[in-house]
Amino acid sequence: MRKLLLLLLLAGLFSSATAQETFFTNGVADKREGCYAFTNATIVKDAQTTLTNATLIIRQGKIVAIGNNVSIPADAVLVDCKDKYIYPSFIDIYSDYGIAIPQRTGGGGGGFFGTVQMTNNQKGAYGWNQALKADVEGYKLFVTDDGKAKPLRDIGFGTVLTHQKDGIARGTGAVVTLANEKENLVIVKERASNNLSFSKGTSTQSYPGSLMGVIALLRQTYLDAQWYKNNPSAEGVNITLQSWNNNQGLPQIMDPANNNDVWMLLRADRIAKEFGTQYIIKATGKEYQRIKEVAATKSPLIVSLNYPAAQDIDDPNDARLISLADLKHWEMAPSNAAAIEKAGINFCLTTADLKDTKTFWANLRKAMEYGLTEKAAMEALTKNPATLLGVYDKVGSLDAGKLANFLITSGPLFSDKTTILQNWVQGDKYGVKEDVWYNIAGNYNLNLSGAKAATYNLEVKNNSSASVIAADTVEVKFNYDGKSVKFSFAPEKKSKKNIRFSGFNNNGVWNGTAEDADGNKYLWTASLSKTAVAKADSVKTKAAPVIGKITYPFVAFGNETLPQQENILIKNATVWTSEAEGKLENTDVLVKGGKIVQIGKNLSDASAKIIDGTGKHLTAGVIDEHSHIASVSTNEGGQSVTAEVRMGDNIDPEDINIYRQLSGGVTTSHILHGSANTIGGQTQLIKLRWGADDEGMKFKGADPFIKFALGENVKRTALLNQANVRYPDTRMGVEQVLMDAFTRAKEYENNLKAAEANNKIKGAKPMYVRRDLELDALVEIMNKKRFITCHSYIASEITSTMRVAEKFGFNVNTFTHILEGYKVADKMKAHGANTSTFSDWWAYKLEVQDAIPYNAYIMNAVGLNVCINSDDAEQARRLNQEAAKSVKYGGMSEEDALKMVTINPAKALHVADKTGSIKVGKDADLVLWSDNPLSIYAKSLYTIVDGTIYFDREKDAAMRKQVAAERTRLINKMAGEKKEGRPTAPFSPSYKFVSTCGDDHMHKLGLLEVTEDNN
């Protein structure tokens, strides 16, 4: 029996010991369990469930009971919450609380002229790219910081997901509470998320230096990680890829908003879909502009309540430099959360991006004015983030067993009259505005006892205002901080002799001591005689704000509805077919279903819209073989070979140059990578479908191309004496880059074939070849599945490049620029190349000194397929005039000249069976001109793409007036913000400088509105 008692005693001691923490206590240990009972409260358990006159009991930092008939433990501290509300504390799913952001040191270039760092400078067995920090574990970096926790607690937050905001792969995030306790006690979940972004952060490595480079790096890393699972001996230990794989089972949070447009979100989702995962995406703030496309991703969103401030535009010269898109976004940004809710998208709210957390509630209520519901807001701050992070069993609602994280408020949480009184985190109270816990407004009998006893009628209005009601009302200097009260007044109105009072509120009865101007001391009490009657709310419910309309695209000259395909009959025009038929006078062209269906005279169709072409000229749409419009980034200059990047990953469908070029008759553009490197990125052929999304712009079914470059840009002549460690530095080196790249690609292709053959053999040990996106593109070239357009000037380089291609069994499809093409026209013809040149550019750098304006004519005469390209957003609006210059320089026929911007580029781009000429069965890509299309007086009256009118000159004139009126309305509204005393931000113009190409031009993108004749 004694042995049994001893064992029970030891077991009890062991059990007690295991419940203790390991940390040393300096002083007397506090073993109180923190048991509290909050009674008589209106408890909002979650957005669906509200209990009235209910009780909440907590012990040891957790909720132990909640309901209307709850037994109160004997040791509980009672907190009467009569007239109070209790809500779950909020959760912020996107934070870096307690984790420092590393600071960049050194360079970090990678653009056309950037400082070069080719390799990862991180020491250890890590991956090749410094922006991949998958090994970072947030919970190991986390340090509690009450100074930063308090502002979050004060606005209602009790829990956050925190991570290190640095890099493209950022590692894991941890769920922590905002309690002021040791780190080990506040971490709720160590590995709660895997965090990604489109920003390289503090990485000083040159690659990636562009959005398309970031996307390519992410895609390649997914592939590398899959390959690494097979433990390839050639790779050895790669901590980065190990960590990447370990993190894939966690919720994947992506922040794509490095330039804050809605297309970033869609780009991120495509990566997730490609690799079979689902991102939780941090919203850009502009989802309302393309809500249908956003909803189609089915991605949960993290929505910031950060809105653009009104700008200080007292100077009218400043106002004119703010784009209509920015003005509209300023007005409509608060509607974003409501639009997301209405679209049925799962979302969370975050304090991220707010300059000051104190603006959180004002911005949240503004979102609610614009249509966000209380239920959606509540769930977005509690249940939704908890569920997405897998911690809803611990936080996110008020249920037994969960952490005691809750708010006590003076009224319904989302009312602008409600105050957060306390925020309890893990069972610890953090006062927010406790001085208004009690409603002290009312009349009190103030009794003064002592040398001069007296009674007064004290009317308390609020915590800082009171008066004594007598024959003459006497104002009282009054202050109540929730615990103690101090006030003073002169019993006689004209007297300056005050009596000073100090005391405490003890369950509604006030008492304390007082002293008059003569030094007499008193005791005093004050008891409530009459509760103040709340005045009826005279404030009317705010009407929903009146805001502008969404347009497609969301810039000037966008349409409220997308243009629709029509049946069109163009009558009695001079038709330039760009076919063997040549020019056809007084001819009709019928368009149905987006195709040219009939060409002839006296055509009719009752379903068709009639356009009178009398005295006008109809041509095929202009095709620009070399363009850099409609792209977020143009160069990935971090390496000499970047065949893995794709222009299609960063198409910008809202570039005003699309509309401007439609006004100049352009219907198709070949969007090229720049010329910063020998082998650049994959190109994207687009049709100028103004208002379509980025995918809708793409020319479906077109052969894939890639950009190569030779000469000064590639060897970085412009760097002069700067250190340039990126190979090559010479034209000889450029050739060797090509030789090396295709040698590697051939070996890679052989390895792929060997692995495929091996893996078909039953019982053979599987062979795994690392999928390489760069080499995939080069293998496609060798197999004639991808085609080259090559930036070129010097005849010797053109010749050597053709020889390299022939060694590997392919040809260069197109030499672009090709200003010395006339010197080697016969060689290019024998090689099978197309050419795409400038009309008369000359002398803008050394390697073009031998350029002549007869170049196009000579190459055409030799029998080459010759195109005229723009390489310039402005020049593309006048490619018809650029083509006409060869009529002057060489006497080319007008029809052949026009072909250089219609059927010839269609042939070069392998789409001549679809577009480029007026022929039955082809796409209805057409331009109706006011005059001979080669005339400087010719204007595009209609530009039609796939049977849809995307530019109509009469409509354009009307839209100019609409744009001007909308700008005026918004500028007046913005200027009114300052007049009404609301905060404004300094003026910030809507423009940016961009290097388009490495093709020697720096373009300033000014106002996003067309302020001149579009032609």
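Predicted model: local features only at pLDDT ≥ 70, side-chain atom pairs only at ≥ 80, totals over all residues.

Reader: What does the protein chain consist of, and how much of it is buried?

Author: The protein chain has 26 helices and 43 strands. Of its 1015 residues, 56% are buried, where buried means under 20% relative accessible area.

Reader: Why is phenylalanine 360 called buried?

Author: The relative accessible area of phenylalanine 360 is 0%. The cut-off for buried is under 20%, so phenylalanine 360 is buried.

Reader: And tryptophan 361, buried or exposed?

Author: Tryptophan 361 has a relative accessibility of 11%. Exposed would need over 50%, and buried needs under 20%. Tryptophan 361 therefore counts as buried.

Reader: How many aromatic pairs are there?

Author: The structure holds 36 aromatic pairs.

Reader: What makes phenylalanine 360 and tryptophan 361 an edge-to-face pair?

Author: Their ring centres are 5.8 Å apart, and rings pair if the centres lie within 6.5 Å. The planes of phenylalanine 360 and tryptophan 361 stand at 85°, and over 60 degrees counts as edge-to-face. The pair is therefore edge-to-face.

Reader: Why is the pair of phenylalanine 478 and phenylalanine 487 called tilted?

Author: The ring centres of phenylalanine 478 and phenylalanine 487 are 5.7 Å apart, with the planes at 35°. Stacked requires under 30 degrees and edge-to-face over 60, and the rest are tilted. The pair is therefore tilted. Both phenylalanine 478 and phenylalanine 487 are buried. They belong to one aromatic cluster, along with Tyr456, Phe489, Phe501 and Trp524.

Reader: How do you know that asparagine 238 caps helix H6?

Author: A side-chain oxygen of asparagine 238 lies 3.1 Å from the backbone nitrogen of threonine 240. A polar contact is a pair of N or O atoms within 3.5 Å, and this one caps the N-terminal end of H6. Threonine 240 is itself among the buried residues of H6, as are Leu241 and Trp244. The buried residues of H6 pack against helix H5 and strands S8, S9 and S10.

Reader: Which kinds of residue line the second largest pocket?

Author: The second largest pocket has a volume of about 1600 Å³. Of its 47 lining residues, those closest to the centre are Val436, Trp437, Tyr438, Asn439 and Ile440. The lining divides into 19 nonpolar, 16 polar and twelve charged residues. Strand S18 gives the largest share of the lining, four residues.

Methods: Residues numbered from 1 in each chain as written. Heavy atoms only, no water. Buried < 20%, exposed > 50% of the residue type's maximum accessible area, 1.4 Å probe, protein only. Helix = DSSP H or I, 4+ residues; strand = E, 2+ residues; numbered from the N terminus. Contact = heavy atoms within 4.5 Å. Polar contact = N/O pair within 3.5 Å; in protein donor to acceptor, adjacent residues only side chain to side chain. 1 Å grid on protein atoms, 1.4 Å probe; cavity = no way out; pocket = protein on both sides within 12 Å on 5 of 7 lines; lining within 4 Å. Points joined across faces, edges and corners; volume = space filled by probe spheres on them. Nonpolar A, V, L, I, M, F, W, Y, C, P; charged D, E, K, R; others polar. Phe/Tyr/Trp six-rings, centres within 6.5 Å; stacked < 30°, edge-to-face > 60°.
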